Amino acid sequence: MTDTVPVPHGLSQERDAGPFDPSSQITRLRQARPVSPLIFPDGHEGWLITGYDEVRRAMADIRLSSRLDLGVVHALDAPPGMPAATEPAPQIPGMFVAMDPPDHTRLRRRLTGAFTVKRMKSLEAHIAEIVERQLDHLAGLPQPVDLVAEFALPVPSLVICEMLGVPYADRDIFQSNYAQFMVKEQPLEQKMGAYAALNTYLAELVASKRAEPGEDILSDLARHEDLTAEELTGVAFLLLLAGHETTANMLGLGTFALLENPAQLAELRADPELLPGAVEELLRYLSVGDVFYRYAAEDVEIGGVTINAGSTVVLSMLAANHDPRRFDDPDSLDVHRNARGHLAFGHGIHQCLGQQLARIEMRAGFGGLLRRFPDLALAIPAAEVKLRTDMNIYGVHELPVTW
């Protein structure tokens, strides 16, 4: 491999171009070479894909495997002064996002009925009620208020807890451990400690669902005798994480982005019918789930470049969603933009199962905030907002606001 470059800092979400844009190095790489060879911190060679067409093609190609046990998994996230992991990670039962067909197909098929567009639409009114109750809570708090802790995190947590049958009273257990699990630069034992605590909690919950099933998704899954307890626990881990972490960060970071773009915010307030399109634009613009890994099970050609079998491949959703070859003026937030086709939910067989649920939550969340708090404003300078550059899902740690 020739002309190999070091792994860009942008993959650690060091957004030197601003809190919402890809790093300047990633942008230059995408312009010059959308499929770029790179050297990981531990010295092994791989590929970075940043162009929209190339990322979309890569995500649709099942020869680029999602199995973490096939390649190097933690090379990008090695803490300073510590060697990067160079051994493949074992497959976790039930973690179907890290599986290929037929295992992926078998597990995902069990869930498709729970997340159909029709079923999600039937939940729309109830989700709106949850949002309104949280807005009532927010309105009664002394200002300034941390919008993340009091709104952005509780809303999706309440929704996914109800859907899965997870007691919301246990939220401190799973929220704190998930937050610890998502920190990138930390000793492996801390990450695994958080994972073990979550696994223990969810294994006990799954056992209770199997013993006394209720009217929820985990109970429905527990009725399938072909799913092992370990698989059910892995599925629960994945659904609970995906069901609150990404949407919470979109609500927090999305509000920050709107407050930093007052002209766009004013247009959205003036015409609420723009909201569905604005949600799609925010998904594109922010791409909170940026980095995805794939592993070449065989030689694959992407964008005129041959990726050899055995290679680790890194895909940047943020870079792809800011590709000027696909979106005009991509580094600007435009609530009038037709952002359909964005890759914020991925593409191909691993496209986000809960994307319709996330859309409903965001439409209700942003719509409610704009309606109930017409004078919503940052309580601190924008430069002081704590960004989640240390986490695997991007967002803001806190968003102090007034109204």
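## Model and confidence

The model is predicted: local features need pLDDT of at least 70, side-chain atom pairs count only at pLDDT 80 or more, and totals for chains, interfaces and linings use all residues. Residues are numbered from 1 along each chain as its sequence is written, and side-chain values use heavy atoms, with hydrogens and water left out.

The average pLDDT of the protein is 89, and 91% of the residues score at least 70; pLDDT is the predictor's confidence in each residue, from 0 to 100. Residues 73-86 have a pLDDT below 50, and this stretch has 34 contacts in the model beyond near neighbours in sequence. Contact means heavy atoms within 4.5 Å.

Helices (H or I, at least four residues) and strands (E, at least two) are DSSP runs, numbered from the N terminus. Two packed helices are described by the angle between their axes and the distance between the axes. Axes are lines fitted to C-alpha atoms, for helices over the stretch in contact, and angles run from 0 to 180 degrees between N-to-C directions.

Helix H8 (residues 171-181) packs on helix H11 (residues 229-259) at an angle of about 90°, with the axes 11 Å apart. H8 is therefore roughly perpendicular to H11. Angles of 65 to 115 degrees count as roughly perpendicular, under 35 as roughly parallel, over 145 as roughly antiparallel and the rest as oblique. From H8, Phe174, Gln175, Tyr178 and Phe181 take part; they meet Ala236, Phe237, Leu240, Leu241 and His244 in H11. The residues of this contact comprise seven nonpolar, two polar and no charged. In this classification Ala, Val, Leu, Ile, Met, Phe, Trp, Tyr, Cys and Pro count as nonpolar, Asp, Glu, Lys and Arg as charged, and the others, Gly among them, as polar.

## Helix H11 against helix H13

H11 also packs on helix H13 (residues 275-286): their axes come within 10 Å and cross at roughly 95°. H11 and H13 are therefore roughly perpendicular to each other. H11 contributes Met250, Leu253, Gly254, Ala257 and Leu258, and H13 contributes Leu282, Leu283, Tyr285 and Leu286. By class, the contact of H11 with H13 has eight nonpolar residues, one polar and no charged.

## Two residues in helices

Leucine 241 lies in helix H11. Its relative accessible area is 12%, so leucine 241 is buried; buried means under 20% relative accessible area, exposed over 50%, and partly exposed in between (1.4 Å probe, protein chains only). Leaving aside neighbours within four places in sequence, leucine 241 is in contact with Tyr178, Met182 and Thr246. Glutamine 91 is 150 residues from leucine 241 in sequence and 18 Å from it in space, C-alpha to C-alpha.

Glutamine 25 belongs to helix H1 (residues 24-32). With 28% relative accessibility, glutamine 25 counts as partly exposed. Glutamine 25 and glutamate 185 are 160 residues apart in sequence and 21 Å apart in space, C-alpha to C-alpha.

## Strand pairing around E9

Strands of a sheet pair through backbone hydrogen bonds, either parallel or antiparallel. Here two strands pair if DSSP finds at least two bridges between them. Four of the five residues of E2 are buried.

E3 pairs with E9 in the parallel sense over four bridges; isoleucine 49 has leucine 315 in E9 as its bridge partner. Strand E6 (residues 291-296) and strand E9 (residues 312-316) run antiparallel with five bridges. Leucine 315 in E9 is also the bridge partner of phenylalanine 292, while tyrosine 295 stands opposite threonine 312 in E9. E6 is joined to strand E4 (residues 64-65) by two bridges, again antiparallel, with serine 65 opposite tyrosine 295.

In a regular strand the side chains alternate between the two faces of the sheet. E9 is covered on both faces: Thr312, Val314 and Ser316 on one side and Val313 and Leu315 on the other are all buried.

## A three-stranded sheet

An open sheet of three strands has the order E5-E11-E10, with antiparallel pairing. Strand E5 (145-146) and strand E10 (377-378) are its edge strands, each pairing on one side only. E10 pairs with strand E11 (residues 400-402) over two antiparallel bridges, and alanine 377 stands opposite threonine 402 in E11.
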